[in-house]
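User: Hi! Could you walk me through this protein model with a few questions and answers?

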Amino acid sequence: QSLSAGRPYNALSLKDHGHDSAVNPEAGETVSPDSPDVTGSTLSEHNPSEKTGAGQPPLGRNATIGPLDRVRADASGQPLTTNQGVHIADNQNTLKAGLRGPALLEDFILREKITHFDHERIPERIVHARGSGAHGYFENYAPLTELTRAAPFQEAGKITPVFVRFSTVAGERGSIDTARDVRGFAVKFYTDEGNWDLVGNNIPVFFIQDAMKFPDLVHAVKPEPHHGMPQAASAHDTFWDFASLSPEITHMLMWVMSDRAIPRSYRMMQGFGVHTFRLVNAEGVSHFVKFHWKPRLGTHSLVWDEAVKIAGADPDFHRRDLWEAIEAGEYPEWELGFQIFTEEQADQFSFDILDATKIIPEEVVPVTPIGRMVLNRNPDNFFAETEQVAFCTAHIVPGLDFSHDPLLAGRIHSYVDTQISRLGGPNFHELPINSPIAPVNNNQRDGMHRQAIHRGRVAYEPNSLGGGCPFQTGKMTGFVSFPAPVQEDKVRGKPEKFADHYTQAALFYNSQTENEKAHIVGGFRFELSRVTVPAIRQRMVAGLRNASEELAQRVAEGLGMELPEPLPRALPNPAAPEVEQSPALSLTALPGEGGIRTRKIALLVANGVAGAPLATLQTALVGQGAVPRLVGVRLGTVKTADGDAVEADASMENTPAVLFDALVLPDGQAGVHALLADGHTLEFLKDQYRHCKTILALGASSQLFDKLGISQTLPDGQNDPGLLVADSLDDDVVAAFVAAVAQHRHAVRDSDPPLI
Ligand code: HDE
C-alpha cells in the first residue's frame with residue numbers, strides 16, 4: 001500500500017470546486033455530479049449561481065441563492081472595463097505626455113481606478129468587528145401554532161433560509177480569532193413574513209444589566225485610548241478597573257474566564273439569545289422564551305496556552321475552520337431549543353427574567369428541541385456578504401416580541417443606528433445580503449444609495465390616488481405588539497433581584513468539573529497578572545470572595561497576594577436559588593455525536609519512516625471523516641524505509657502542533673532519528689502533550705517519549721488514556737486511536753503548572 005496525501009479536506013483544490021471551471025449554464029454545461037445536494041434534487045436543475053462563488057452551492061433549500069443571483073457578478077471570459085462599461089485597452093500604464101513626461105489629468109481610467117480604491121474601506125463594527133459568515137437553512141421539527149404565529153415555526157419540515165455571522169467582540173477587524181472573548185452568534189432568518197435577526201452570543205449572560213452601561217463597558221475593554229493597546233484582549237487595567245467596580249459583571253466573568261471563551265471551532269459552540277423574548281400565537285396569547293443553539297458536534301474548547309500559540313500560527317483559525325468544513329461538505333449543524341415559561345412561573349423564580357446577567361437553569365425549565373440549522377454554503381464575497389450584513393434586534397416578525405429587559409431595549413435602538421454610519425445611510429436594508437425575501441412596500445423614500453425605483457406619484461398613506469396602496473393589513477398578518485400592561489412611575493433604577501450579583505456566579509463555578517474550575521482559576525490569574533495597578537487586583541479578588549471562597553483563594557494564591565476582605569454585597573440576603581448545581585453548565589454536558597469527523601491529525605514523516613502503517617492509518621482516518629496530514633521536516637518528497645516516495649502535506653515549521661487535534665509518531669529507526677535531529681519535533685510533541693491531545697507512537701518512535709520524559713503512567717499513578725504506544729499497527733490499535741481522538745482531550749493529563 002503506498003502512502004498518499006489522502007483526502008484532507010483543506011487540501012481540496014480550488015479546481016475541485018469549480019472556481020476555475022467557468023461553468024456556463026447558458027451553454028448547457030452542468031457542474032460536477034457529486035455536488036452536495038441536501039434535497040436530493042439533481043444538479044440538472046438550472047442554477048446560475050453555479051457560475052460563481054466558492055464551493056458548490058447545494059440547490060433547493062437555500063432560498064437566498066436565487067434572490068442573490070441578481071447581483072452576483074462573474075468576470076469569467078469577460079473584457080476589462082471601466083465602471084461605465086468602456087473596454088480598457090491598457091491596464092498597465094498611466095496616460096502621459098511622452099514616455100518620460102508628466103501624467104495627464106484627463107486619464108479618467110487611472111483616476112476612476114485610484115479614486116475607487118481610495119474609498120474601498122467602510123467603518124468597522126464598533127464591537128464584533130471581526131467575524132465570519134455562512135449561508136444555510138433552518139428546518140422546523142413540528143408546528144408550534146399554539147405557541148407562536150412566527151412563520152418559521154408553523155409547519156413540520158418548514159425550511160427558512162438563514163445567514164449566520166460568528167464574531168469576536170473586542171478585537172478589530174484584522175485581529176486574531178482565538179482571543180479570550182465572547183463569540184457573537186447572529187442569525188438572520190429570511191422568513192416568509194420578513195427578516196428575523198436572532199443576534200445572540202455563545203454565552204447566555206452578559207456583562208451588564210442596563211444598556212446605559214454599554215459604552216462604558218466597551219470603552220473599558222477596547223484598546224486603551226492613549227496608546228491603542230492591547231489588541232483583542234481584556235487582560236489590561238481599564239477592563240479590570242471597570243469590572244472590579246461593577247459587581248453585576250461577576251457571573252459573566254465566570255463564563256469568559258472559562259474555556260467557553262476560547263472555542264475549538266465556531267462549529268463546536270453553543271448559541272444563546274440571552275434576553276427573555278416573547279412568543280405570541282394567533283390568538284394573542286404569549287409565553288416567555290429563551291433561545292438556545294446546541295451544536296451537533298458538541299461543545300469543545302481550546303486550552304489557553306494553545307489559543308495563544310494558534311494566534312501566531314494561524315490568526316484565521318476559526319474562519320478557516322468554518323470555511324473548510326463547509327467547502328468539504330461537512331456542514332455544521334445546531335439544534336434550536338426553546339426554554340418556554342409563563343409570566344406566573346417567572347414571578348416565582350429567585351432571579352429576574354429581565355436581568356441579562358441571569359440564566360434560567362435547564363434543570364428548572366428544560367430546553368425543548370424545535371428545529372435544526374445547517375450551514376451549507378460559504379459566501380461568494382466576504383465584503384458584500386459577511387461585512388455588509390446588518391443584524392438588528394429590532395428585526396422581529398409577527399409571532400415574536402420583546403420582553404422589558406432594559407439591556408434589550410437599548411439594543412433595539414443601537415443596531416439600526418450603528419448601520420447608518422457603518423453602511424452609509426438609511427437604505428442598508430437594500431444591500432442584497434440584508435434584503436428580505438418577503439416583499440417590501442412602504443412610503444419611505446430616497447436617502448443615500450437608494451436602489452429601488454419607486455413608481456407612481458404616491459408616497460403617503462392614506463391615499464386615494466394610489467388606490468390606497470400599500471395598505472396596512474391589520475392584525476391578521478401584521479405585526480402587533482403584545483399588549484403587556486404597564487402602569488408605574490417613570491424611574492431610573494432596578495428591581496431588587498437585579499442586585500443579587502453572586503448566586504448564579506457561584507452556581508456556574510460550582511457546576512464545573514475540577515478541570516474546568518482549574519482553567520477558570522488560570523483565566524483569572526493570567527488576566528489579573530497583566531493588571532499593573534495592585535488595587536484593581538485586590539478589589540477584583542475581594543468581589544470573587546462573594547461568589548466562591550475557593551475560587552478567590554486560588555486566584556489570590558496564583559497572584560501571590562493575601563486574600564482581601566470581601567466586597568460588601570448590594571443584597572445581603574438574596575432569595576434561595578432553585579438549584580445549587582446545574583450539570584448543563586459544564587462543557588462536558590454536550591459531548592456531541594462522538595467520532596472524529598473533521599479532526600485534523602498530524603502524521604510526522606521524515607526519510608526512513610515506515611510507510612505502510614502510516615498509509616493504513618491514513619486510509620482508516622479518512623474513512624472516519626478525519627483530516628490526516630503528512631507533516632515533514634520540510635515540504636517535498638520523503639523516502640520511506642521501503643523506498644517509496646511520499647509528499648509531505650505540510651512542514652512542522654509552517655503548520656505547528658497547535659493546528660492539529662492529534663499526533664501520530666511513525667515507526668522506522670532512520671526516520672525517527674531524522675525527526676529527532678530537528679528541534680521542531682520535540683516542540684511538536686511537547687505541545688500536543690501539554691494540550692492533552694491523543695498521541696500514538698508506533699514502533700521505534702516511543703524513543704521520542706523518553707527524550708521528553710513523558711510516560712503512559714501519570715505522576716499520580718493513573719494511566720494516560722491519550723498516550724498510545726504500539727509495536728505495530730493493527731485494527732485494534734486503529735480503533736483505540738480513533739476512540740481516543742474522539743475524546744477531544746484527556747483531562748487526566750492536564751496539570752497546572754504543566755507537567756512538561
Ligand atoms: Fe451587541 N452590538 N450590543 N450584543 N452585538 C453590535 O451592532 C449593543 C449585546 C451582538 O455579526 C453592534 O451591527 C448594545 C448582547 C452580536 O454583525 C452595536 C448592547 C448581545 C453582534 C451593538 C449590546 C450582543 C453585535 C455593533 C447593550 C448578545 C454582531 C455592530 C445594550 C445577546 C452582529 C452592529 C454581527 C453587534 C450594540 C449587547 C450580540 C453597536 C448597545 C447582550 C452577535 O449596535
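Analyst: Happy to. One definition to start: two residues are in contact if their C-beta atoms, placed from the backbone, lie within 7 Å. Keep in mind that this model is predicted.

User: Which residues does Arg-411 touch, not counting those up to four places away in sequence?

Analyst: Arg-411 sits in helix α10, which runs over residues 406–422. Leaving aside residues up to four places away in sequence, the contacts of Arg-411 are Ala-211 and Thr-393.

User: Is Arg-411 buried, partly exposed or exposed?

Analyst: A residue counts as buried at 20 or more other C-beta atoms within 10 Å, and as exposed at 12 or fewer. Arg-411 has 19 such atoms within 10 Å, so Arg-411 is partly exposed.

User: And is Arg-125 buried or exposed?

Analyst: Arg-125 is found in the loop between α2 (108–118) and β1 (131–140). The UniProt annotation "binding site", from an unreviewed entry, includes Arg-125. Because 21 other C-beta atoms lie within 10 Å, Arg-125 is buried.

User: Which helices do the buried residues of α12 pack against?

Analyst: Helix α12 covers residues 514–529 and reaches 22 Å from its first C-alpha to its last. Its buried residues include His-519, Ile-520 and Phe-524. The buried residues of α12 pack against α4, α5, α6, α11, α13 and α14.

User: Over which residues is the pLDDT below 50?

Analyst: The mean pLDDT of the protein chain is 92, and 91% of its residues reach 70 or more. One stretch has a pLDDT below 50, with 109 contacts in the model beyond near neighbours in sequence: residues 1–61.

Note on methods:
Residues are numbered from 1 along each chain as its sequence is written. This is a predicted model: local features need pLDDT of at least 70, side-chain atom pairs count only at pLDDT 80 or more; totals for chains, interfaces and linings use all residues. pLDDT is the predictor's confidence in each residue, from 0 to 100. Helices (H or I, at least four residues) and strands (E, at least two) are DSSP runs, numbered from the N terminus. The expected span of a helix is 1.5 Å times one less than its number of residues. UniProt positions are given in the numbering used here, feature names are shortened, and annotations may be inferred rather than shown by experiment.
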